[in-house]
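Hello,

Here is the structure I said I would pass on. Please look at it first, then read the notes below it.

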Amino acid sequence: VQLQASGGGLVQAGGSLRLSCAASGRTFRSYAIGWYRQAPGKQRELVATINNDDSTNYVDSVKGRFTISRGSAKYTVYLQMNSLKPEDTAVYYCRHYTYYSGTYYQDDYWGQGTQVTVSS
């Protein structure tokens, strides 16, 4: 599976961006996508997930501002980010998996990062 993350950029605080994660190659009928971010000097953190059953989860800091969804284009997942804050500045990565338990992820693939910079 190859993942292509895109949509990052520079935006002022309060603005919006939409990130895309497109999967290609060996694709699975049922899979989950997680969006992670890593700010300079900080650990990578999970921001949002859309699960195999299309249920979604968000880290508290983005609830009400970010929305993860599957696109009409097959094998594409979006992260709509509204009301952006300077603390959202990070490199954002998407991750594909079909199952996870604890620290084990099955069919685990990562996309390259896309930079999001929010100016104050």
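**Salt bridges and core**

Arginine 37 and aspartate 88 form a salt bridge, with their closest N and O atoms 2.9 Å apart. Arginine 37 belongs to strand E4 (residues 32–38), while aspartate 88 sits in the loop between strand E8 (76–81) and strand E9 (90–97), so the pair ties together parts that are 51 residues apart in sequence. Please keep in mind that this is a predicted model.

Are these two residues buried or exposed? Arginine 37 has a relative accessibility of 6% and counts as buried. Aspartate 88 is at 0% and counts as buried too. The cut-off for buried is under 20% relative accessible area.

Aspartate 88 has another partner: its side chain also meets that of arginine 65 in a salt bridge, at 2.8 Å from N to O. Arginine 65 lies in the loop between E6 and E7 and aspartate 88 in the loop between E8 and E9, so this pair ties together parts that are 23 residues apart in sequence. Both aspartate 88 and arginine 65 are buried. Through shared partners, salt bridges join Arg37, Glu45, Arg65 and Asp88 into one network.

A further salt bridge links the side chains of arginine 70 and aspartate 54, at 2.5 Å from N to O. Here arginine 70 is in strand E7 (residues 66–70) and aspartate 54 is in the loop between strand E5 (45–50) and strand E6 (56–58), so the pair ties together parts that are 16 residues apart in sequence. Arginine 70, at 26% relative accessibility, counts as partly exposed. Aspartate 54, at 44%, is also partly exposed. The count of salt bridges comes to six.

As background, side chains of opposite charge can pair when their charged atoms come close. Nonpolar side chains, for their part, tend to be buried together in soluble globular proteins.

Now the nonpolar part. The largest nonpolar core has 28 residues, and those with the most contacts inside it are Ile33, Trp35, Phe66, Leu79, Met81 and Tyr92. Which strands supply at least two residues each of this core? They are strand E1 (2–6), strand E3 (17–24), E4, E5, E7, E8, E9 and strand E13 (114–119). E3 gives the largest share, four residues.

Leaving aside residues up to four places away in sequence, leucine 79 touches Leu17, Arg18, Leu19, Trp35, Ala48, Phe66, Thr67, Ile68 and Tyr92.

Regards

Definitions and conventions: Residues are numbered from 1 along each chain as its sequence is written. This is a predicted model: local features need pLDDT of at least 70, side-chain atom pairs count only at pLDDT 80 or more; totals for chains, interfaces and linings use all residues. Side-chain values use heavy atoms; hydrogens and water are left out. A salt bridge is a side-chain nitrogen of Lys or Arg within 4 Å of a carboxyl oxygen of Asp or Glu. Buried means under 20% relative accessible area, exposed over 50%, partly exposed in between (1.4 Å probe, protein chains only). A nonpolar core is a set of buried Ala, Val, Leu, Ile, Met, Phe, Trp, Tyr and Cys residues joined through side-chain atoms within 4.5 Å. Contact means heavy atoms within 4.5 Å.
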